[in-house]
Amino acid sequence: MNWIEPKRLASGMTIGIMAPASASDEDLHKIEEICASKGYKVFWGDSVHRKGLYGGTPEEQATEFQYMMTTAPCDAVLALRGGYGTMRYLEQLDYTAIRKYRKAFIGYSDCTALHMAINRYSQLITYHGPMGVDFKPERKADIDALFNTLEGKLQVIEPLPEPPRGAIGTDLGDGVLRGGNMTMLSMILGTPYFLEDESWEDTLLFIEDVGEAPYKLDRMLQQFRLSGLLSRIKGLVIGTFTNCEGDEDEVDYDLGYEALRYMEENRNSELPEPFVCYVPTGHGSPHQTLPLGATISFRYISNTIIVHPYTK
């Protein structure tokens with residue numbers, strides 16, 4: 001099965017919004033206003049009005065997500081927020097139908113589980129980008145970048161922070177971008193919803209997180225190491241780690257440096273040299289939109305990523 005691109009959005013289309021994880025009390029009117037300012041109508045899922053821990057029972061959320069991604073009167077699906085809940089219904093979704101309708105799905109954090117499942121079983125490119133909770137006037141740059149990506153406009157993300165290792169004038173490398181929230185990835189490693197084993201050598205693994213102390217991040221990194229993942233992937237794409245400073249004795253922890261060291265250990269000599277690079281995206285701002293499942297090229301010569309239109 002080949003990778004396919006989601007439908008390209010254009011002014012006048014409809015964005016479906018639902019709460020695939022936790023329930024929310026966001027200002028729905030403000031979100032609708034921002035969508036309207038971009039020329040889009042909004043179709044609300046029932047989950048956006050539910051109260052409690054989740055946007056519904058696992059069965060309700062699975063049914064609604066399936067509907068939104070297929071026959072609902074919308075052209076793309078935007079998660080209202082993350083939190084927790086998406087792992088509860090991954091096995092209830094029809095990924096063949098989701099592939100057929102080719103709707104863009106946008107979200108991050110707990111939505112990582114949905115990205116991973118759709119990428120694996122629908123082979124449909126999805127978007128790690130701002131959610132409804134981020135649709136606020138002060139996040140205009142992030143929202144503009146999201147809509148530019150959904151509308152198939154070429155995006156240049158620059159400048160990137162300096163990687164642990166690289167040489168001016170060289171390409172760091174390219175590969176298929178997969179991943180999302182580091183905690184979520186560690187939770188689904190070993191399940192049928194993680195990366196398919198035969199894809200590891202072509203993968204650029206993207207990770208980001210919020211509120212996790214360095215020792216917890218290292219614990220997850222050790223899990224990736226012990227599974228053999230780090231010694232096989234092409235590269236590690238490190239996003240923003242918000243409020244992950246930890247105690248005073250953890251201030252010198254360098255996730256990128258440690259990861260690169262592990263990626264070089266026990267590596268098959270036939271595999272290309274691994275690399276680590278940084279991208280300003282994750283919880284908080286800036287939050288650049290990234291196409292998960294797309295082939296991405298990182299260029300150290302210009303300190304940029306070029307995000308080509310991954311829509312049709």
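Is Lys234 buried, partly exposed or exposed? In this predicted model, Lys234 is partly exposed, its relative accessible area being 21%. The side chain of Lys234 takes part in a salt bridge with Asp174, in which the closest N and O atoms are 3.5 Å apart. The count of salt bridges comes to 12, while that of disulfides is zero.

**Salt bridges**

- Asp174 lies in strand β7 (residues 171-181) and Lys234 in the loop between α7 (214-226) and β9 (235-242), so this pair ties together parts that are 60 residues apart in sequence; Asp174, at 37% relative accessibility, is partly exposed.
- Arg178 and Glu196 meet through their side chains in a salt bridge with an N to O distance of 3.0 Å, and because Arg178 lies in strand β7 and Glu196 in the loop between α6 (182-188) and β8 (203-210), the pair ties together parts that are 18 residues apart in sequence.
- Arg178 counts as buried at 2% relative accessibility, and Glu196 likewise counts as buried at 11%.
- Glu60 forms a salt bridge with Arg50, with 4.0 Å between the closest N and O atoms; Glu60 is partly exposed at 37% relative accessible area, and Arg50 is partly exposed at 23%.
- A network of salt bridges links Lys38, Lys140 and Asp144.

**Cysteines**

- With the disulfide count at zero, Cys111 is in no disulfide, and the nearest cysteine sulfur, that of Cys74, is 15 Å away; Cys111 is buried, with a relative accessible area of 0%.
- Cys244 is also in no disulfide, the nearest cysteine sulfur being that of Cys277, 18 Å away, and Cys244 is buried at 8% relative accessible area.

How values were computed. Residues are numbered from 1 along each chain as its sequence is written. This is a predicted model: local features need pLDDT of at least 70, side-chain atom pairs count only at pLDDT 80 or more; totals for chains, interfaces and linings use all residues. Side-chain values use heavy atoms; hydrogens and water are left out. A disulfide is a pair of cysteine sulfur atoms within 2.5 Å. Buried means under 20% relative accessible area, exposed over 50%, partly exposed in between (1.4 Å probe, protein chains only). Helices (H or I, at least four residues) and strands (E, at least two) are DSSP runs, numbered from the N terminus.
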